[in-house]
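Subject: Structure handover

Hello,

Here is the structure you were waiting for. Please open it first, then read the notes below it.

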Amino acid sequence: MSFRTTTAVDYVEDVSPGRGALPPRAWYSSSDAASLSLNGRWRLRVSATADAEDDSFAEEGFDAGDWAEVTVPGHWVLQGDGSFGSPIYTNHLYPFPVDPPHVPTENPTGDHLRVFDLPADWPADGSAVLRFDGVESCARVWLNGTDIGEFKGSRLPHEFAVGHLLKTVGNVLAVRVHQWSAGSYLEDQDQWWLPGIFRDVTLLHRPAGSVLDFFVHASYDHTSGEGTLRVDSDVDGRVTVPALDIDVATGEPVTVPVRPWSAETPYLYDGVLATEGERVPLRIGFRTVVLEDGLIKVNGKAVLFKGVNRHEWHPEKGRALDLETMREDVLLMKRHNLNAVRTSHYPPHPAFLDLCDEYGLWVIDECDLETHGFTEQGWRDNPVDDDRWTPALLDRAARMVERDKNHPSIVFWSLGNEAGTGRGLTAMAEWIHGRDSSRLVHYEGDWDCRDTDVYSRMYAFHAEVESIGQGLDGGTHKRRELPFIQCEYGHAMGNGPGGIADYQRLFEKYERLQGGFIWEWIDHGIKHPELGYAYGGDFGEELHDGNFVCDGLIFPDRTPSPGLLEYKKVIEPVHIEGDGSDGTLRVTNRHDFADLSALAFEWSYQVDGETVEAGTLNVPSLAAGESADVKLPEPPADARGAETQWTVRALLAADTAWAPKDHVVAWGQFPGVSRPLPSVAPTDRPALGEKLITLGPASFDVRTGALKTIGGVSVVSPRLDVWRATTDNDDGAEWQSDTRYGVLWRTLGLHRMQHRLDSVEAGENALTVRTRVAPAAREVGLDTVYRWTSDGTRLRLTVSVTPEGEWTLPLPRLGVRLGLPEADQVKWFGGGPGEAYPDTRSASLVGRWQSTVDDLQTPYVRPQENGARADVRWAELGGLRIEGDPEFWFTARRWTTEQLDAATHLTDLTAGTASDSGSAAAVWVNLDHGLHGIGSQSCGPGPLPQYFLRAEPTEFSFVFSVTD
Ligand code: GAL
């Protein structure tokens, strides 16, 4: 005989959205109705299963005095130093058996308790609503011992009518939160699983005659310059907009001349919706979004999205973000030229959307829906194709649309992410189209565009994107008529993403391509006492996806990574182009709406990398899309035969809401006089001693030909180096098997090259050392000759490399590595200030730079190759000056590549001293003739062929001297 008990927690596995909640409606703050935040310290008891404890804790008088305390909003697993359980990271695998709608018996459950009094001035009349803005993943709620309902839909609001239950003092609010529920099957986003009440809890007074739900319709007619406003409201009232002299009844349209809203010109009008019992402030942005001529047009113009995918993240608080953190995100986006954000993969905290309205960002608001783990079983049983789940899907769509419908910044509703295809998605799209015809519908999984208004893809390779731009991609009839966006591209995991400039060129070239959204905004590293930042696996998870959760343009502490600086340059809204040869530049306004009146232009002239003169450049206030040729001034006279450049910058002419005056928006750099290459007359002759050979300022080991000293500086001899600590993008994603060079390089043995010495020849005017560099077990090798010459004070090294055997792989790097006993300050003339690689070098500006060795490092959460500076003419560190012929890539670090390669967290890397490294070096310097590109293969394409470092016969030189 078998039986199953029915328990009080059956709702956990119920596919329905919940019970007891009020219908969804617009989210707003009232001007005059009272509200009480219930954020703060709550009592918490965590149990291992959903039904370990009965519900007596919800009774009035229950003594929770011995319970722990947590902060709400918050996730309990990020509080209590691990005593409440730990975070789990999986990309798409469900961390529980897939048997929908069942969840494991082991279901961490947090009973939350809070006792509160009503403020003294809380009105005695009217009703009240209790609002939860986000609880993961399922909650049951009691107020003063009465069960008021339960809900799922973690990143969506849920409200309950509670006025009849409230008391003046001693209200007991009890919330039982289960980590796993049927809802978890719909929330398989690539992120940490973090249970808790992670957004605000608020009690809202609802006066008699107060506003219930309302929908602001504010369109803009670009042909007449007029806006039409109509505010539909469940409760009748009046709408006033003083600046527009509007005073109309709800439901009544009014058309007046207005300034339109756009992400570039986010003009908002303050208004008020007044009903009998309440006044609600409105921030109205007039804009019209349509699909026309196969393009997404706003206010009559096709727009180009320069976007990013934003998960909510804070390294200590997880997805419980405060307003200042949200503002920081928006300001960082604006300062880096972004104009769009996809709220991957759920509606964000509503305050974030207010900020997008205010500062100006186009938004794809995405529903809290992903069922990606079903891909493991060929999408069998996928909830989005199973009618039993459709009410839950529609509930999620409605909660998003109703909450967020009054934000002008939202131009697309997105059905969710990576949920396959199915009838449930179609039902959502139909409902959304019916409810809000003023916006478009997005969903990436729908390649036939059955339900969507845009053809959207993720990580499409450049060639495919180009063919889509050309309309050669085929597809359904409907799809062929639609514009294209990449809702995810440029996987910013670790060092990278590479190749985004090449994408941007395509986006700008083909009308159909309306831009993209980099994956993703921030690394979801969790601050950790021993590891610095933790990632998947660091909490002992059974299944995890490692550092795939750290793939953002900013580090967990919100410091911009080089990827963000690259992106800023790539998407800059003004192009300043030319080769400098005829003293003329072409300036193009690449905004969609704004003219150039907000910008001031400045030229400067560099001699040997140092600015000798600067001035303002007159650029006409070009309208969006226009270009003009602009003359540079006459070059300043005496450049002493040195290298020169022009640098032109577009700066903010005045303070804006998002950056101060003089903030650099765009720049261009143009060569003037080219660089005189260093030359060393080979006048000195190698002198053979007993142990040493001397040549000019240098001494060499007589037996090995290895350089020992230059002037007074002892060095670990430069020798050929081809290895780099592979990046996440080198290693590639598991599903890309044939071109994962990080893996192939290691298989070939490039990380363990052996150096065979063939000869040391002290000739007339050169010391020549012949070697062969090759990995064990392979026939391929690099015949490498080092030729040293000197004029008595300077020392020149020429390295000649000839590949032998059949090289089928590109090389990670090609150059020399040397060691120095010490170095701290570094100066260089070349690309900077930050790192650059062949396909991530757009933001590298040629000039004179300085740094410490420590500051040259880029702190990728999982250590990997980083920190190279491009186009270096010369560098000085540790008492040496190194000049390149030609320019070189410069890297210096306090550990070896091998140590960097072995490290899993930044805390594994510690600076050594020359003596404890046992090799007379504490700082390792790479002088590279070439580096392989970076690409984006941790999820997308590898480097494009033009960024490959191919093994071919090569020669390059360096000139060494000592600094004073
Ligand atoms: C996409 C997905 C994102 C993220 C990304 C890889 O497939 O939509 O959520 O997983 O890949 O980082």
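Predicted model: local features only at pLDDT ≥ 70, side-chain atom pairs only at ≥ 80, totals over all residues.

**Domain 3 against domain 5**

I looked at this pair in some detail. Domain 3 puts 32 residues into the contact, and domain 5 puts in 32 residues. Together they bury about 2,600 Å². Of that area, 60% is on carbon and sulfur atoms.

What holds polar groups across this interface? There are 15 residue pairs in polar contact between domain 3 and domain 5. The salt-bridge count across the interface is zero.

On the domain 3 side, α7 (500-509), β35 (532-534) and α8 (562-570) each supply at least two of the residues that touch domain 5. By class, that side has 15 nonpolar, ten polar and seven charged residues.

**Ser210**

Ser210 is in the loop between β15 (201-206) and β16 (214-221). Is Ser210 buried or exposed? Its relative accessibility is 11%. The cut-off for buried is under 20%, so Ser210 counts as buried.

The side chain of Ser210 makes a polar contact of 3.4 Å with the side chain of Arg206. Beyond its neighbours within four places in sequence, Ser210 is in contact with Val235, Thr275, Gly277 and Glu278.

Two bonds to check on your screen:

- Pro100 to Pro101 is cis, with omega near 5 degrees. Pro101 lies in the loop between β5 (88-90) and β6 (106-116).
- Gly496 to Pro497 is cis, with omega near 0 degrees. Pro497 is in the loop between β32 (484-489) and α7.

**Positive phi**

Two aspartates belong here.

- Asp245 has phi near 55 degrees, a positive value in a residue other than glycine. Its place is the loop between β18 (237-241) and β19 (246-249). Asp245 has a relative accessible area of 72%. Exposed means over 50%, so Asp245 is exposed.
- Asp381 has phi near 65 degrees, again positive in a residue other than glycine. Asp381 sits in the loop between β28 (362-366) and α3 (390-404).

Best wishes

Notes
Residues numbered from 1 in each chain as written. Heavy atoms only, no water. Helix = DSSP H or I, 4+ residues; strand = E, 2+ residues; numbered from the N terminus. Buried < 20%, exposed > 50% of the residue type's maximum accessible area, 1.4 Å probe, protein only. Polar contact = N/O pair within 3.5 Å; in protein donor to acceptor, adjacent residues only side chain to side chain. Contact = heavy atoms within 4.5 Å. Buried area = accessible area lost by both parts, 1.4 Å probe. Salt bridge = Lys/Arg side-chain N within 4 Å of Asp/Glu carboxyl O. Nonpolar A, V, L, I, M, F, W, Y, C, P; charged D, E, K, R; others polar.
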